[in-house]
Amino acid sequence: MAGHSQFKNIMHRKGRQDAKRAKVFTKIGREIIVAVKGGGSDPGANPRLRAAMLWAREENMPNDRIKRAIDSAMGVGADDNYEEIRYEGYGPGGVAIVVEALTNNRNRTAGDVRATFSKYGGNLGETNSVSFMFDHVGQILYPAKTASADAMFEAAVECGADNCESTDDGHEITCQPDDFAAVRDALEEKLGAPEKSALVWKPNVMAEVSEEQAKTLLKLLDVLEDNDDVQNVTTNFEVSDEIMERLLAS
C-alpha cells in the first residue's frame with residue numbers, strides 16, 4: 001500500500017494512547033465489567049473477557065484493578081451498568097471513523113461525540129453509514145524481527161488465522177472475531193507475546209488526506225480517545241510517513 005503504512009499507523013496511535021495510561025485502565029475496566037456481565041467470570045468460557053484480560057496484560061494493568069472490575073460486574077461494590085454504542089461518521093477529507101463506546105448515559109455520550117465531530121470539521125452519520133468500509137476482525141501484531149515473512153505466515157495459518165501481512169515494520173495477523181482468543185494464545189505459545197492484539201475494525205478501503213487535513217484529523221481522534229466513554233476509535237486515513245512524522249513531532 002502506498003503512503004503511510006497501516007502497521008505504522010497502528011503503532012503511532014498506540015504510542016499516543018500510551019501517554020494516557022490512567023484512562024486506558026478505565027476503559028479496560030469497563031470492558032471487563034461488560035464482558036463478565038455478558039458471559040460470566042471464567043475467561044476460558046468467555047472469549048470477550050479473555051480478550052479484555054489480554055488487553056489488560058498488554059497495558060500492564062495492575063491485578064487488583066482487574067479484580068475490582070470483575071467484582072463490580074459480579075455485584076460486589078459499585079453496580080455499573082454500561083451500554084454498548086457504536087457511532088459512525090466522516091472526518092476531514094472524507095475519512096471514515098468508527099467510534100465504539102461503553103456508557104451509562106447515552107445522551108451524554110452522543111452529545112459529546114457529536115460535538116467533537118462538529119468542532120473538528122467532521123459529520124456524525126447514521127449506524128452503518130461507514131462500517132461497510134471496514135472488516136471486523138481479530139488483529140495480532142508482531143515486530144518484524146520475530147520471524148521471516150514466510151515463517152510468520154506459516155505459523156499464523158497453523159494457529160488458525162485467516163491471513164498474515166508482513167512489511168519491514170512488522171507482521172499483522174488477522175482472524176475471525178470468534179477465533180481471536182484461540183489464535184492469539186496459539187501464537188503466543190509458538191512465538192511469544194505480541195506487541196498488540198485486539199478485536200478491531202480493519203479498513204478495507206483507504207482515504208488519502210493532505211497534511212492540513214491530517215493535522216485536524218489527529219486532533220479529532222485525540223479528543224474522541226480522551227473521552228472516558230469511548231473505548232476505541234478507528235479510521236481509514238492514509239498519509240505519507242514524512243507528514244506523519246512532522247505531525248507527531250509538532
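Predicted model: local features only at pLDDT ≥ 70, side-chain atom pairs only at ≥ 80, totals over all residues.
Four strands form an open sheet in the order β3-β1-β2-β9, and their pairing is antiparallel. The edges of this sheet are β3 (123-124) and β9 (230-235), each of which pairs on one side only.

**Sheet pairing**

- Strands of a sheet pair through backbone hydrogen bonds, in either a parallel or an antiparallel sense.
- Strand β2, which covers residues 96-103, is joined to β9 by five bridges in the antiparallel sense.
- Within this part of the sheet, Ile97 has Thr235 of β9 as its bridge partner.

**Helix across the sheet**

- Helix α5, made up of residues 106-119, lies across β1 (83-90), β2, β3 and β9, and its direction is at about 20 degrees to that of β1.

**Helix pair α6 and α7**

- Two packed helices are described by the angle between their axes together with the distance between those axes.
- For helix α6 (residues 149-158) and helix α7 (residues 180-191), the axes come within 9 Å and cross at roughly 135 degrees.
- The crossing of α6 and α7 is right-handed, and the contact is made by Met152, Ala155, Ala156 and Glu158 on the α6 side and by Leu187, Lys190 and Leu191 on the α7 side.
- By class, the residues of the contact between α6 and α7 comprise five nonpolar and two charged ones, with no polar residue.

Methods. Residues numbered from 1 in each chain as written. Heavy atoms only, no water. Pairing = 2+ DSSP bridges. Helix = DSSP H or I, 4+ residues; strand = E, 2+ residues; numbered from the N terminus. Contact = heavy atoms within 4.5 Å. Axes fitted to C-alpha atoms, helices over the stretch in contact; angles between N-to-C directions. Left-handed = near helix turned anticlockwise from the far one by under 90°. Nonpolar A, V, L, I, M, F, W, Y, C, P; charged D, E, K, R; others polar.
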